[in-house]
Amino acid sequence: MEDYEPAMSFDDAAAATYEDHLRGDEDETVAFLERLADGGPALELAIGTGRIALPLAARGIRVDGIDFSPAMVARLRAKPGGDQLSVTMGDFAEVPVDGSYRLIYLVYNTLGNLLTQDDQVRCFENVAAHLTSDGSFVVEAGVPNFLYRVFEDQYVHAESIGVEEVWLDVGRHDPATQRHDETHVRLTPEGIRLFPIVQRYVWPSELDLMARIAGLRLRERWDGWNGEPFTSTGNVVSVFGR
């Protein structure tokens, strides 16, 4: 995507609407992570608005976070309990924190926000350096099968249509680089707003190799937070450890 910078995807406008359309699996996600945290502490990479971190902390787990977006973290701070979490501002691939964690996690395809394979491997290596010997690294990353079925590697999809508001999803796929350029377009009587994002998707087998490079191995893999059997068709949840 020409002239794209990752900060564009998490600016004030994006943060203001980030939780307008939640997926509805937040409770299941938190329950899954609570089991693996086993008392904590836990570290969320790209903690954002606290969609997962705050309810996990409410269950008695100490949750720290890393994020590079002041706008997203400001939303977190404005929520009840948001000022109690320790958040480090910076590149989550560097894992710029001290200490070790029983649980480190990335949800909602966040690993794809690192746009090169080298950066994604670097993230795994730095996570491993902060993981306890019995700790877990959880990665949620959707399998992009649908991108290989779109005509000429591009699409326009009507996400919602209303009298006063229309949302379009416009995307382009580069299978050579595993890049997905996407812009959500909001049309209203007041005008047009664009919400761009670029991701490098990762296949499950590629995740396993990244883990091996970092000295980790696959422990569990599911097609969702409820422990659905892995078929490579859902939003894949992988658990890595030593």
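A: Strand β4 (residues 101–106) and strand β5 pair in the parallel sense over five bridges, where two strands count as paired if DSSP finds at least two bridges between them, and where strands (E, at least two residues) and helices (H or I, at least four) are DSSP runs numbered from the N terminus. Within this pair Y101 stands opposite L131 in β5. This is a predicted model, in which local features need pLDDT of at least 70 and side-chain atom pairs count only at pLDDT 80 or more, while totals for chains, interfaces and linings use all residues. Residues are numbered from 1 along each chain as its sequence is written, and side-chain values use heavy atoms, with hydrogens and water left out.

Between the two strands comes helix α5 (residues 117–129), and β4, α5 and β5 together make a right-handed β-α-β unit; right-handed here says that, with the strands pointing away from the viewer, the path from the first strand over the helix to the second runs clockwise.

Strand β5 (residues 131–142) is mostly covered, with nine of its 12 residues buried, that is, under 20% relative accessible area with a 1.4 Å probe and protein chains only. β5 also pairs with strand β11 (residues 235–241), here in the antiparallel sense and over six bridges, and G142 stands opposite N235 in β11.

Both pairs belong to an open sheet of seven strands with mixed pairing, in the order β3-β2-β1-β4-β5-β11-β10. At the edges stand β3 (86–89) and β10 (217–222), and each has a single partner strand, so one side of each is left without a neighbour in the sheet. Neighbouring strands of this sheet are turned by 20° against each other on average, direction ignored, with axes taken as lines fitted to C-alpha atoms (for helices over the stretch in contact) and angles running from 0 to 180 degrees between N-to-C directions.

Elsewhere in the sheet, β1 (residues 42–45) and β2 (residues 63–67) pair in the parallel sense over four bridges, and A42 stands opposite V63 in β2. Helix α4 (residues 70–77) lies across β2 and β3, running at about 170° to β3.

As for the whole, the protein chain has six helices and 11 strands. Among its contacts (heavy atoms within 4.5 Å) between residues at least 6 apart in sequence, 60% join residues at least 24 apart, and buried residues make up 48% of the 242 residues.

Methods
Buried means under 20% relative accessible area, exposed over 50%, partly exposed in between (1.4 Å probe, protein chains only).
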